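Here is a friendly briefing to read with the structure open beside you.

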Amino acid sequence: PGSTWSYNSFHLQIAGAMAADAAKITTQEMLQKYLIRPLQLKSTYWLGGQNPGLAGNMMTSPEDYDRILHGYVANKLIPSWVSFEMERDYLSPQVQVSNASTFLVKLLGHYSFCNYFECFPPKLSSFTESCRKANIHMDAGLFGYYPLVDRAKGMYMQIATAQVPHSQKDFYAPTIASMVLRKIIKFWVDRGLGLGSNEVSGGFGSPAVREEAQEVAAELLKQTGLQMNFDELWEPQELVV
């Protein structure tokens, strides 16, 4: 700890087992007691029986996850000091990123605990001071789900897409599509909430927004090695914003 970082799912399994043991209940019972029932979630459950996969086996809906995000930002689930620790940058200059995880850091940004410091291209390095100051935390999902918490502006939002990659060669296509959507629409979400925005203004059809979206998509496609163009990202998919 504090010397090497490698992306994996084991940390949540261990933490969940420790918490359940301390509470003298099963992990599934703990999820029911401290998350599902307090937030009155209707469509949320974990696959895996009595050993649920906490890092990636949650099945939910955009409506339920909105309740989770609201509860998290409003400190109804955990106290603010815990969320602060969860969102702290754990990739200090002294921490070495494993070879297997370098790609994720270059693509998404620095990692905290179960979330990334959002850091979009174009950028001169994997993580920049402007990304740190923006203080936006997200966790872009493999199938195109994109929740974020903007601490600088005190808001949250989610882009809920469901698109399964067709093959290994377009493995990250749904993730990139949701990242580009986030780049396009956050200006309008900020504006609707009465918040200032550093995002490019204008509708998707405006030259400035489309040009920036294409630049971001091109850089992300290059980083992932996907052989497709901007328009091919927008194949039919179920989309809820």
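**Briefing**

Counting pairs of cysteine sulfur atoms within 2.5 Å as disulfides, there is one disulfide here. Please keep in mind that this is a predicted model, in which local features need pLDDT of at least 70 and side-chain atom pairs count only at pLDDT 80 or more, while totals for chains, interfaces and linings use all residues. Residues are numbered from 1 along each chain as its sequence is written, and side-chain values use heavy atoms, with hydrogens and water left out.

**The disulfide and the cysteines**

- The disulfide connects Cys119 with Cys131, with an S to S distance of 2.1 Å.
- These two cysteines are twelve residues apart and link distant parts of the chain: Cys119 sits in the loop between β5 (116-117) and α6 (129-134), and Cys131 belongs to helix α6. Helices (H or I, at least four residues) and strands (E, at least two) are DSSP runs, numbered from the N terminus.
- The link of Cys119 and Cys131 is right-handed, with 75° about the S-S bond.
- Are Cys119 and Cys131 buried or exposed? Cys119 is buried at 2% relative accessibility, and Cys131 is buried as well, with a relative accessible area of 9%. Here buried means under 20% relative accessible area, exposed means over 50%, and partly exposed lies in between (1.4 Å probe, protein chains only).
- Cys114 has a relative accessible area of 25%, which makes this residue partly exposed.

**Salt bridges**

- A salt bridge is a side-chain nitrogen of Lys or Arg within 4 Å of a carboxyl oxygen of Asp or Glu, and by that rule there are eight salt bridges.
- One of them brings together the side chains of Glu87 and Arg151, at 2.8 Å from N to O. This pair links distant parts of the chain, 64 residues apart: Glu87 is in the loop between α4 and β4 (96-97), and Arg151 is in the loop between β7 (146-150) and β8 (155-162).
- Asp190 forms a salt bridge with Lys153, where the closest N and O atoms are 3.0 Å apart. Here helix α7 supplies Asp190, and the loop between β7 and β8 supplies Lys153, 37 residues apart.
- Asp190 is buried with a relative accessible area of 0%, while Lys153 is partly exposed with a relative accessible area of 26%.
- Through shared partners, salt bridges join Asp150, Lys153, Lys186 and Asp190 into one network.

**Strands β7 and β8**

- Two strands pair if DSSP finds at least two bridges between them; β7 and β8 run antiparallel and are joined by five bridges.
- Which residue of β8 stands opposite Val149? That residue is Tyr156.
- The hairpin of β7 and β8 has four residues between the strands, and Gly154 takes a positive phi near 65° there.
- Six of the eight residues of β8 are buried, so this strand is largely enclosed by the rest of the structure.

**Helix α3**

- The expected span of a helix is 1.5 Å times one less than its number of residues. For the twelve residues of α3 that gives 16 Å, which agrees with the 16 Å between its end C-alpha atoms.
- Which residues of α3 are buried? They are Asp64, Tyr65, Ile68, Leu69, Gly71 and Tyr72. They cover an arc of only 165° around the axis, so they sit on the same side of α3; the arc is that of the directions from the helix axis to the C-beta atoms.
- The cover over the buried residues of α3 includes α2 (27-36), β3 (58-59), α4, β7 and β8, with contact meaning heavy atoms within 4.5 Å.

**Asparagines with positive phi**

- Just after α3, Asn75 takes a positive phi of about 60°. Asn75 lies in the loop between α3 (62-73) and α4 (80-86) and is partly exposed, with a relative accessible area of 36%.
- Asn135 is not a glycine, yet its phi is positive at about 55°. Asn135 is found in the loop between α6 and β6 (136-138) and counts as partly exposed at 24% relative accessibility.
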